[in-house]
Amino acid sequence: MLSIRNLNKKYGRFQAVSDLNLEIPEGEIFGFVGPNGAGKTTTMKIVCGLLRATSGEITLDGTDILQNIKGIKEKIGYMPDFFGVYDDLKVNEYLEFYASIYNIKGQERKRITNDLLELVDLVSKREAYVDSLSRGMKQRLCLARSLVHNPRLLVLDEPASGMDPRARFEMKEILKNLKGMGKTIIISSHILPELAELCTSIGIIDKGRMVISGSNAEIMQQVYNKKIVRIKVRDRLDDAVMILKEYPFVDKLLTGENTIQAGFGGGEEEMSRVLSDLISRGIPVVSFAPMDGNLEDVFMKVTKGDEEQ
Amino acid sequence: MNINPVFLKELKVRMRGWKAAGIIALYLLVLTAVAVFIIYTVFTDLYTSSIDPQVSIGAYTGLAVIQFILIMFIVPALTAGAISGEREKQTLDLVLCTRLRPISIITGKLIASTGQTLLLIIASFPLFSMVFLFGGISAKEIMQLFGFYIVTAVTIGSIGIFFSTHLKRTTASTVFTYGTLAFLAFGTIFIGVFYIRIFYNWDYQKFLPILYSNPLAGFGSLLAEQFGYYGGINAFLGLSAGSGQNSNAANAISPWLGNIIFDVVLSVVLLIMSAARINPVRKSLFDTVRIKRKIKNKD
Ligand SMILES: Nc1ncnc2c1ncn2[C@@H]1O[C@H](COP(=O)(O)OP(=O)(O)O)[C@@H](O)[C@H]1O
Ligand SMILES: [Mg+2]
């Protein structure tokens, strides 16, 4: 449904997103994970037409988003990470305003407003001023707002950030509901475990680069059960990849500039075998570093930036 | 027909409660007091109790001037925060990510924020009509005046919106809006004076095109033309140009008409630039070519 190819975004000379690739099929719940400043918000804003990419191509249902921006916006519902509300509107007026933008009128508008308030559990607050809501409620209202035009793709930027555990739980329940409704969702977070049970696929981004991506099961298996080895070579990256592919227990290769991220099914014995093979075939290996299988560790360590100095 | 949703929302908020009605009532009260005061003064001046057109002309001019000054002061305050305020409150992205086109957001904001002033102007209409009953003023002249008000309000509103989209902070935007207005109202006169002094050897009969941009000149010339009053600053600026009195500028158009044309052009340009500014993905010519080529390649 959504396809991002070689996306780059520079703010002045600062590269916020580098060569990002992503395919999100219909019905997928994609977890977009990365520490603060990784480039999640930037990527999401570009997808929603709120920011221009420096280069790269994004298509939604095969249509370039720049080609028909209005049509694209009708298909996307966006919830920003930071947002304000109009302090002088009531909850139902707030939703009705956004509905009116999509030309939804009269009874239809009332019905949609009611349904959404029910979905986000704010029925009792319909006559309250938006400004008087708690942070968690505002966040739920903003989610409802992103749904008024019944979009097929939801882009949710850290919808649970800054919430207390109870509000977080409620948000998660709503998201599960949306999942059940068959929406395609991109949801970002800087905490991986938070997304684990919700998402069908996950991508980890750091310093603008996609570090790992795959199905939830793949990522989890890799993160929990397999060793991840980071191999750095001085040269002949492609040859190194070819050699690694010969081993059945090596999978999920991810390459960067002179670096390869490989998932190892075997133990230390297999690792040393592969390493000596690489060296004997003349690959200039600079480092061959297995990483701990711990989730948070991978998340912290699986980064490109710290090797590029 | 679809009414601009941004406008409708702002209308709902601005008209809620008694505040809006209170402002209108207060405004009318002040205007009425002014009118009564002028009528009273003129009556006592003339030592007469009969109804004289001078009286209504005096009241009309007084009301017209006050209302004009009011527009110049209120509209910037209401528009200069229109977009920057949304940016500061972090609500702009929420509208920009909808299907609403940037130009609709801009015009919705413009109509809503100048609309409040327009409402005051329209509410004062009955007061002007009362003056009209005293004689000396035609309905056409009142309509002309109100037309001029509306054009001026929308133009000042467009200037406010322009700065509000191009500057980050509402305070900066407000300062620049008033500054621009001060330049149009006074700066152009200074430039005109220098110009006349240097190139026309103090020949004040010339009307300089730069003064078409001056709202005061436009307003003054409108009143002057309505009552055939040529004196003081009007003569100084050559404001009688086009009214047949001034041979030097016989073929130039009236300053107020010129000002209206200038205003309309300026507003359109500023609004289009504002819409382009808030459009996060505005296409350059290059993009259009690139996308066209891609479509062609697919076929
Ligand atoms: N408008 C901007 N101008 C300059 N740098 C920016 C701007 N917005 C974001 N950045 C930088 O780009 C990087 C990515 O930011 P962001 O996409 O917000 O990350 P995330 O959402 O993953 O926390 C950060 O280092 C941030 O400082
Ligand atoms: Mg962010």
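I take a polar contact to be a pair of N or O atoms within 3.5 Å; within protein, one must be able to donate a hydrogen and the other to accept it, and residues adjacent in sequence count only if both atoms are side-chain atoms.

I note that this is a predicted model, where local features need pLDDT of at least 70, side-chain atom pairs count only at pLDDT 80 or more, and totals for chains, interfaces and linings use all residues. Residues are numbered from 1 along each chain as its sequence is written, chains are lettered from A and ligands numbered from 1 in the order written, and side-chain values use heavy atoms, without hydrogens or water.

**Ligand 1**

I looked up the polar contacts. In the side chain of Thr41(A), an N or O atom is 2.5 Å from an oxygen atom of ligand 1. Thr42(A) also places a polar side-chain atom 2.5 Å from a ligand oxygen. For Gly39(A), a polar backbone atom is 3.0 Å from an oxygen atom of the ligand. Alone, ligand 1 exposes 560 Å², and the protein buries 59% of that (accessible areas by Shrake-Rupley, 1.4 Å probe).

I then listed the shell, counting a residue if one of its heavy atoms lies within 4 Å. Tyr11(A), Phe14(A), Pro35(A) and Lys40(A) are among its residues. H1(A) gives the largest share, 3 residues (helices are DSSP runs of H or I, at least four residues).

**Helices H5 and H6**

I checked H5(A), residues 135–145, against H6(A), residues 165–180: their axes come within 11 Å and cross at roughly 15° (axes are lines fitted to C-alpha atoms over the stretch in contact; angles run from 0 to 180 degrees between N-to-C directions). H5(A) is therefore roughly parallel to H6(A) (angles under 35 degrees).

Definitions and conventions
Helix = DSSP H or I, 4+ residues; strand = E, 2+ residues; numbered from the N terminus. Parallel < 35°, antiparallel > 145°, perpendicular 65-115°, else oblique.
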